[in-house]
Amino acid sequence: MRTSICSWASVTFPCCAPFGKTLDGHLLGTISHQTTPVRMLISGMVVDQEALVEALQNKSIQAAALDVTYPQPLPREHPLLSLPNVIVLPHMGCRTVETARDIVKSMIANALAALAGEMPPDEVRLACDVVVSGGVGVDHLDIPLINSFGVKVCNTPKVVDNATADLAMGLMLASARNILQGDSFSLCHVEGEDIDENHLGNDVSSKTLGIVGMGSIGYKVAKRAVAFDMKIFYHNRSCRPVEDEQMVGAEYCPVLEDLLAVSDYVVLLVNLTKASTHLIGRKQLSAMKSTATLINVSRGMVVDQEALVEALQNKIIKAAALDVTYPEPLPR
Ligand SMILES: O=C(O)C(=O)CO
């Protein structure tokens, strides 16, 4: 892309895989004309926002006018909002009275044609036969919609099981034994100072583990927990075969709150669906032991984050160890 010859760069391509963060630090660096504003009209994800902030701060471009960002709207403390040479709108591109009216007309025309068995005038066709998503979670895909275009959807389960189960154990150990605090202490302590008593950790061995979502990753976590002599409870849509349960000594809890009430460590491993969104909220956090730790390696939205912050501040639970949040990463 020859950006250095432009006095205006207007970015209007869609945000799909080939275009994601197309306007990265390198490309922004090639825009040499000092008066080039970047206008973004389609999707915030097309631009690497960190690189854009740097380019504006270093004055390698003069200004930006953004109709779209990620997330949308930006958190108040986002650096783009404090730069004098940036205009940020909340995606108002096509919002006019006339467009709103014409969109409804066009939607009705498309729907009527489809319902009459005719070709809708603006049918969107995916130019592919299959969408393959790396990893196990497919919550970012609208599968019924994609299937409705005759396109198949695949994921890559199994290959992520061990790594994810390992990380769940890693977070449990790191949180219980204050491993990060120990590392910071080693790096930053004053000579002669000793790590204080508040940094005493808790045992993981022989404690009670509650696994929420006992699919193949949950089961791998259970297998690892056996080596730590942990008592295991699990909550799932359905119970596992008796042989599976016996192999790891796991007990099925049909009621989530029953598992939460007895667990020292609760590991979340459910898929994100409508039903599992905010599965862990105020009520569930209150059902947990005040000495318990919540470990989330599933999806951020499974936990009501506001409720979690409150629970941690009010010492309703002891700690949380999160591989996932929303948004990801969290704003500082
Ligand atoms: O594969 C996935 O979807 C994961 O999030 C694994 O951690």
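## A tour by selection

Start at K289: its relative accessible area is 27%, so this lysine is partly exposed (buried is under 20%, exposed over 50%, partly exposed in between; 1.4 Å probe, protein chains only). Before moving on, note that this is a predicted model: local features need pLDDT of at least 70, side-chain atom pairs count only at pLDDT 80 or more, and totals for chains, interfaces and linings use all residues. Numbering runs from 1 along each chain as its sequence is written, and side-chain values use heavy atoms, with hydrogens and water left out.

**Salt bridges**

K289 and D264 meet in a salt bridge, 2.9 Å from N to O (a side-chain nitrogen of Lys or Arg within 4 Å of a carboxyl oxygen of Asp or Glu). The pair links distant parts of the chain, 25 residues apart: K289 sits in the loop between helix 11 (282-287) and strand 11, D264 in the loop between helix 10 (256-262) and strand 10 (265-268). Helices (H or I, at least four residues) and strands (E, at least two) are DSSP runs, numbered from the N terminus. D264 is buried, at 12% relative accessible area.

The count comes to 8 salt bridges. Select D139 and R299 for another: their closest N and O atoms are 3.0 Å apart. D139 is in the loop between strand 5 (130-132) and helix 5 (143-148), and R299 in the loop between strand 11 (293-296) and helix 12 (305-313), so the pair ties together parts 160 residues apart in sequence.

**A buried aspartate**

Go to D67, in the loop between strand 3 (63-66) and helix 3 (79-82).

**Surface patches**

Select V104, I108, L112 and L115. They form a nonpolar surface patch with about 430 Å² of accessible area together (Shrake-Rupley method, 1.4 Å probe). Patch members have over 30% relative accessible area and no salt bridge; like charges are joined within 9 Å, nonpolar side chains (Val, Leu, Ile, Met, Phe, Trp, Tyr) within 5 Å. L115 lies in helix 4 (residues 97-115) and is exposed, at 75% relative accessibility.

Finish at E193, D194, D196 and E197, a surface patch of negative charge. E197 lies in the loop between helix 7 (179-188) and strand 7 (208-212).

Technical notes
Lys, Arg positive; Asp, Glu negative; His and termini not counted. Charge placed at Lys NZ, Arg CZ, Asp CG, Glu CD.
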